[in-house]
Amino acid sequence: MKRVAIIGAGIVGATAAYYLSKEADLEVTVFDHGQGQATKAAAGIISPWFSKRRNKEWYRMARLGADFYLDLIADLQKDGFATEFYQQTGVFLLKKKEESLEALYDLADQRRKESPLIGDLRLLSRAAAAEYFPRLQGFDRLLYASGGARVEGSLLTQALLAASGAEVIQKKVSLDIRDGAFWVNRSCFDQVILAIGAWLPELLKPLGYQVDVRPQKGQLRDYKVSDENTGSYPVIMPEGELDIIPFEKGVVSVGATHENDMGFDLTVDKQQLDTFGEEAENFLCELKNAQIINERVGIRAYTSDYSPFFGEVPTLENVYAISGLGSSGLTTGPIIGYSVANIILGNDIELDPRDYNIENYITRK
């Protein structure tokens with residue numbers, strides 16, 4: 001029986017573990033140090049169709065990633081696992097300029113031909129939007145797409161790891177190569193997946209590699225509002241970094257920050273979160289009197305050109321690395337984890353690793 005080690009239990013590692021576990025002749029072990037993981041701190045929005053990034057390969061990955069959620073959810077449900085962490089509640093996009101809103105509509109309308117998941121696409125007045133999200137304010141018109149979804153990252157990874165049945169070891173580990181075998185935590189493995197995001201440079205440095213990945217701090221705050229019907233409300237995406245994500249029973253997440261040059265700092269900056277909260281109050285006044293129930297901090301991984309990568313580490317056969325997902329990790333992470341699992345299993349995949357060439361980001365010193 002072949003043994004596979006997955007270092008990193010975030011969205012990529014957990015998805016890979018889940019799909020590898022379906023192969024009877026593989027034994028999967030997951031290692032995670034449990035600190036700063038971006039997925040655990042993330043409340044994500046699955047709505048890539050409005051991005052104006054010129055990177056066509058990135059958009060294709062994000063588009064396919066959004067589509068893949070339907071397969072992922074169906075697979076988990078078939079295996080008997082609850083999937084309330086993902087809901088297609090729709091998304092509201094707000095812009096300060098009317099022409100920007102109309103341009104986004106045109107862009108998404110064109111993309112709907114290859115992405116029918118977008119669903120119903122409409123420009124709504126404030127009165128019409130109130131039918132979907134009561135008491136929303138701070139705009140005249142907005143753009144609505146019914147296919148937009150929200151996902152709670154920590155619950156998703158928990159479900160994937162539980163469904164995988166893989167052993168999960170909470171420990172910071174190193175990767176050693178001896179006698180042509182890979183050693184992690186004093187155990188020998190045939191293949192290794194490195195899914196540790198911003199910590200990838202630290203892990204590969206002792207093996208003589210330089211990695212183009214930097215950390216970015218992200219903070220998010222959860223509120224409890226008096227309205228218990230928030231579970232069906234669309235996600236709100238105003239202009240800028242702010243997102244407002246309603247969950248079940250009055251829980252509303254506000255964030256997330258994008259803080260560079262902070263290293264791996266995991267301290268909560270209440271001033272930053274207060275600023276986001278005050279901005280969010282302009283759209284959802286209930287937040288003024290809401291209870292703060294949680295504050296989260298995670299570390300994202302970015303490359304110098306803001307592109308993700310995955311594939312076999314150069315000159316290191318049977319070791320696969322993934323990183324650089326940035327703030328789109330909850331959208332692209334599952335399909336990357338699924339793709340790497342299928343590479344190991346020898347199956348065809350939709351994504352071409354050459355479009356996300358690992359050799360552009362990982363080099364021997």
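**Stop one: the hidden space**

The structure holds one cavity of 30 Å³ or more. A cavity is a set of points on a 1 Å grid over the protein atoms alone where a 1.4 Å probe fits but cannot get out. This is a predicted model, where local features need pLDDT of at least 70, side-chain atom pairs count only at pLDDT 80 or more, and totals for chains, interfaces and linings use all residues. Residues are numbered from 1 along each chain as its sequence is written, and side-chain values use heavy atoms, leaving out hydrogens and water.

The largest cavity has a volume of about 40 Å³, the space filled by probe spheres set on the grid points, which are joined across faces, edges and corners. Select its lining (residues with an atom within 4 Å of a point): Phe133, Pro134, Arg135, Val225, Asp227, Thr230, Tyr233, Val252, Leu284 and Glu286.

**Stop two: helix H3**

Now select residues 98-111, which make up helix H3 (a DSSP run of H or I, at least four residues, numbered from the N terminus). Which residues of H3 are buried? Pick out Leu101, Leu104, Leu107, Ala108 and Arg111; buried means under 20% relative accessible area and exposed over 50%, with a 1.4 Å probe and protein chains only. They sit on the same side of H3 because they cover an arc of only 125° around the axis, taken from the directions from the helix axis to the C-beta atoms.

Conventions
Helix = DSSP H or I, 4+ residues; strand = E, 2+ residues; numbered from the N terminus. Expected span 1.5 Å × (residues − 1). 1 Å grid on protein atoms, 1.4 Å probe; cavity = no way out; pocket = protein on both sides within 12 Å on 5 of 7 lines; lining within 4 Å.
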